[in-house]
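Subject: Structure handover

Hello,

The structure I promised is below, and my notes on it follow. Please keep it open while you read them.

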Amino acid sequence: MSPLLGRTAVVSGIRIFYLGLWFVAITVAYRHLGTLPDGVAQVGLLTFALASIKMVTTALGDPLDLDVVRRVPPILAADPHRAAQAWRAAQQIRTGLAAAVFALSLLLAVPIARFFLHDRAWATAVVLAGGAAAFEFVYRGYLADCQSRERFDRLLLLEGALQGFRVVSVAALLVGGALTASSFLAAYLLSALCVCLMAFVLSDAARRRLFTFSAEASLETWRYVRWVAPALMVSAVVERLDIFLLTSLRGPAEAGFYGALLPLLLVPEMVMGFAMVVLQPRVADLAKHGGALELWSSVCRLTVPLAAIASLVVFLFAEPLIRMTIGPAYLQSVPVFKLLFVAVMCWVAFVPVALSFVVMTQPRATLAICLFQAVIVGTAGFLLIPAYGATGAAVSVFVMRLLTGVVICGAAYHRLRGGFLEGRA
């Protein structure tokens, strides 16, 4: 277990450094936009666009990523040809879905701009977001390949290139005085395109043959994703439903005050997500042999005290933290930031390992849990956001994370404990 956690720390540490670069770029962008006459509304637009990109890439990509991670490691050494077929089947589906996403962004740009953003002039930004989502979606398939083969050196190279392209692009726009929400999205799209091409060139011959089809591999992918995909699609929507409801019900300006906080909130979640990339290939195997509870306990012994310390720091220094990062234009969001940060820390402290186990081993239960999430955040959001704005959105997220986290941890513990006892018997 120690070597696994050690490798997790190294890979996660490098990815945290990359995340730090992106954090600096996005906070500088929000700080700059906040000084413009319509800057907070542009931040709201940018938040909506980035949330939409992540929603699409997560909802459509996570089921395929999990299928690759689930299928490839056990057969890679004995049958590398079959392992390559499994990855290609997922990537072929991914490429087709990416094309569909971009086509829909072209067709629905004006209605989306009118309904959610209250201004059809932002339709071009919707198209840019659709293109960025499509290329990032394809790029993530190459990361899943690296993860499943435990080629973390290649994974880190690709992620470093992506963040490098993004940071350089944003810096160039800022220096040139051309940084707006739309130009930011154009740079985001261009960065994803460049890294997609880079990943394709660096992949081996078996993975460049994307038009070599295997009916058996595709059918096996379908058998898995038909249950997991609806669950993760609902989950991806739920995770960003607060942004969509706030933007549509209160407008981009209100969403801007809320959305500018997200880079500060996403850092701990993304750090844990980086760690889970390394741990996921082992979770299902450990569960079968009675070791998943020990892994979960080991992770919690690290995450619980860190989450408690981080929450205390934020409660004491939330105002100067916001002032130093995204700028004084967003100081009215301090109470919202505190509430959201505690919600994130509670989740990070206990849930990620349990969630990975439930998703990979109980797809039907995963769908039920995600529907439960949707009902909670949707109901609370519709009731609270019209009257309380960003505060109502934060309360909705807090309640959803608390209740759903209890359900996920309870389901995972019951299954793992039961399997462990059965194994001992």
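**What was found**

Arg-70 is partly exposed, with a relative accessible area of 31%, whereas Asp-67 is buried, at 0%. Here buried means under 20% relative accessible area, exposed means over 50%, and partly exposed is in between (1.4 Å probe, protein chains only).

Before the rest, two notes on the source. This is a predicted model, in which local features need pLDDT of at least 70 and side-chain atom pairs count only at pLDDT 80 or more, while totals for chains, interfaces and linings use all residues. Residues are numbered from 1 along each chain as its sequence is written, and side-chain values use heavy atoms, with hydrogens and water left out.

**Salt bridges**

The side chains of Arg-70 and Asp-67 form a salt bridge, 2.8 Å from N to O. A salt bridge is a side-chain nitrogen of Lys or Arg within 4 Å of a carboxyl oxygen of Asp or Glu. Both residues belong to helix H2 (residues 39–75), where they are 3 residues apart, about one turn of the helix. Helices are DSSP runs of H or I with at least four residues, numbered from the N terminus.

How many salt bridges does a search of the whole structure find? It finds 13. Among them is the bridge between Arg-149 and Asp-145, whose closest N and O atoms are 2.9 Å apart. Asp-145 counts as buried, at 4% relative accessibility. Another joins Asp-153 to Arg-151, with 3.2 Å between the closest N and O atoms; Arg-151 is partly exposed, at 29%. There is also a network of salt bridges that links Asp-62, Asp-65, Arg-94 and Arg-140.

**Asp-67 again**

What does Asp-67 touch, apart from its neighbours within four places in sequence? Its contacts there are Glu-220, Thr-221, Tyr-224 and Val-225, where contact means heavy atoms within 4.5 Å. With Thr-221, the side chain of Asp-67 makes a polar contact of 3.1 Å. A polar contact is a pair of N or O atoms within 3.5 Å; within protein, one must be able to donate a hydrogen and the other to accept it, and residues adjacent in sequence count only if both atoms are side-chain atoms. Val-225 is 158 residues from Asp-67 along the chain, yet their C-alpha atoms are separated by 7.2 Å.

From Leu-108 to Pro-320 the separation is 212 residues in sequence and 41 Å in space, C-alpha to C-alpha. Leu-108 counts as partly exposed, at 40% relative accessibility.

**Gln-91**

Gln-91 is placed in helix H3. Is Gln-91 buried or exposed? At 1% relative accessibility, Gln-91 counts as buried. Not counting residues up to four places away in sequence, it touches Val-138, Gly-141, Tyr-142 and Leu-210. The side chain of Gln-91 reaches the backbone oxygen of Val-138 at 3.2 Å.

**A cavity**

The structure holds 3 cavities of 30 Å³ or more. On a 1 Å grid over the protein atoms alone, a cavity is a set of points where a 1.4 Å probe fits but cannot get out, and lining residues have an atom within 4 Å of a point. Grid points are joined across faces, edges and corners, and a volume is the space filled by probe spheres set on the points.

The second largest cavity has about 60 Å³ of space. Its lining includes Tyr-142, Asp-145, Cys-146 and Arg-149. Helices H4 (123–148), H5 (152–175) and H6 (181–202) each supply at least two residues of that lining, and the largest share, 3 residues, comes from H4.

**Backbone angles and a bend**

Most residues other than glycine have a negative phi. His-118 has a positive phi of about 60° although it is not a glycine. His-118 lies in the loop between H3 and H4 and is partly exposed, at 45%. Glu-150, also not a glycine, has a positive phi of about 55°. Glu-150 is in the loop between H4 and H5 and counts as partly exposed, at 28%.

Where does helix H8 (residues 215–250) bend? H8 bends by about 55° at Arg-240, the bend at a residue being the angle between axes fitted to the seven residues ending there and the seven starting there. After H8 comes Gly-251, whose phi is positive, near 100°.

Regards

Note on methods: 1 Å grid on protein atoms, 1.4 Å probe; cavity = no way out; pocket = protein on both sides within 12 Å on 5 of 7 lines; lining within 4 Å.
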